[in-house]
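We will go from stop to stop, with something to select at each one.

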Amino acid sequence: MPKYLTIADDLEEQIKSRAYKANQKLPSEKELVYQYGVSRQTIRNALDFLTDRGLVYSEQGRGTFVAARTRADTVTTNNIAVILSCLNDYIFPYKIAGINSVLVEKGYLSNIFTSNYSIQTQEQVFANLLSSSCAGAIVEVTRANLPRMRPDLLRKLADKMPVLLLDGFYQGFEDLPTITLDDFQCGYKAAQYLIEKGHQKLFHFGKMDDSQGIDRYRGFIQAQLDHGIQPKDEDIFWLTGNSCFVSPEINYGPVISRLQNYTAVYFFNDLTAHMIVPEILKAGYRIPEDLSLMSNDDFFPTIENISISGMRYPHVEMGQKAAELLLRMIEEPNFDANYRFDPQIVERNSVRELTPPVKQKETV
């Protein structure tokens, strides 16, 4: 074996054992000549060989440095942890299908867990994963606006493996990349659409313990402000916990009676709409003659024979993109995996176009 390859192999072994760390400067050519007892050309040949393999890089006038290694170089498993809020209902099976389609194609396997919307359960999964050999984790954000019981567990998990947050972020973990639908724009575009149809009195069924819910509400409010409409506290009804799924303990009578003061309603998501629209119809409202409706996620296109207009959630695409970005994080530790989908309006027949109000003429 040529002498320069022997030296290259020795340096490579030191790099892999982390005797030389990423971006650390190697000894100078003069020092390596002395260390190995060879000519400068032999050392240059060895360094050129390592450069061609992507293990080192040179900077003019500064020397040769160890290239940042990919996590893929040290990953010894093809398992990916996927932690979702739910598994069998609503949009979640579609997310799983999207994630799995990418992972299987790339030779990875998904280990799927559910938090059932419980902070404690999610953090127990984090604790269990700390002793696992997973290569990375996709974590769907659960009840992000509530304090974590053991925030150190998520931090330890992120120190152990690449972690990508799905559908939101956690306070104090803004450094972790997240993939989301642009929830602010969901609320903004929904309100703007209603306003452009002539609606001035808008009501919102929102969700307060999710960052998605707060961002959609923020957008919903901002669009009104930008169009000269001043929202009021009574223009929203807040839901929390699993109340967007089943809520027999909630009496919707009083809030539904208030809807007579509004011309349009925007729901946090289709589950909320699916739960409340029947109650609105029972109260005698006609859709869209008396009340126009918009929702989010485009999962139930028809509720009680009403085709609901709303903002589309990219069900399968969200899962696919999450898997693609996590695998990129495994390959490239410094890769910025933040990504936002731009929401699109799906028009159906639940929104009535009102005659724009006649503006009062200015007196001269």
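## Stop one: a pair of helices

Start with α5 and α6, which cross each other in a left-handed way; a crossing is called left-handed if the near helix is turned anticlockwise from the far one by less than a right angle, and right-handed if clockwise. Before going on, note that this is a predicted model, where local features need pLDDT of at least 70, side-chain atom pairs count only at pLDDT 80 or more, and totals for chains, interfaces and linings use all residues. Residues are numbered from 1 along each chain as its sequence is written, and side-chain values use heavy atoms, with hydrogens and water left out.

Select residues 119–129 for α5 and 151–160 for α6: the two pack at an angle of about 40°, and their axes are 9 Å apart. Axes here are lines fitted to C-alpha atoms, for helices over the stretch in contact, and angles run from 0 to 180 degrees between N-to-C directions. Helices (H or I, at least four residues) and strands (E, at least two) are DSSP runs, numbered from the N terminus.

Now show side chains. On α5 the contact uses E123, F126, A127 and L129, and on α6 it uses P151, L153, L154, L157 and K160, where contact means heavy atoms within 4.5 Å. By class, these residues are 7 nonpolar, no polar and 2 charged. Ala, Val, Leu, Ile, Met, Phe, Trp, Tyr, Cys and Pro count as nonpolar, Asp, Glu, Lys and Arg as charged, and the others, Gly among them, as polar.

## Stop two: the largest cavity

How many cavities of 30 Å³ or more does the structure hold? There are 3, and the largest has a volume of about 270 Å³. A cavity is a set of points on a 1 Å grid over the protein atoms alone where a 1.4 Å probe fits but cannot get out, and lining residues have an atom within 4 Å of a point. Grid points are joined across faces, edges and corners, and a volume is the space filled by probe spheres set on the points.

Select F92, Y117, D210, Q212 and F268, the closest to the centre of the largest cavity among its 22 lining residues. The largest share, 3 residues, comes from α8. The lining as a whole has 9 nonpolar, 5 polar and 8 charged residues.

Y117 is not a glycine, yet its phi is positive, about 65°. Is Y117 buried or exposed? With a relative accessible area of 15%, Y117 is buried (under 20%; exposed is over 50% and partly exposed in between, with a 1.4 Å probe and protein chains only).

Next, pick R143 in the loop between β5 (136–140) and α6. R143 also has a positive phi, about 50°, without being a glycine, and counts as partly exposed at 23% relative accessibility.

Then move to the loop between α10 (270–282) and β11 (292–297), where P288 lies. The peptide bond from I287 to P288 is cis, with omega near 5°.

## Last stop: V66 and K21

Select V66 in strand β2 (residues 63–66), buried at 1% relative accessibility. Among the residues V66 touches are I15, Y20, L55 and K21. Finish on K21, in the loop between α1 (3–16) and α2 (29–36), which counts as exposed at 52% relative accessibility.

Terms used: On a 1 Å grid over the protein atoms alone, a cavity is a set of points where a 1.4 Å probe fits but cannot get out, and a pocket is an open set with protein on both sides within 12 Å along at least five of seven lines; lining residues have an atom within 4 Å of a point. Lists of a residue's contacts leave out its neighbours within four places in sequence.
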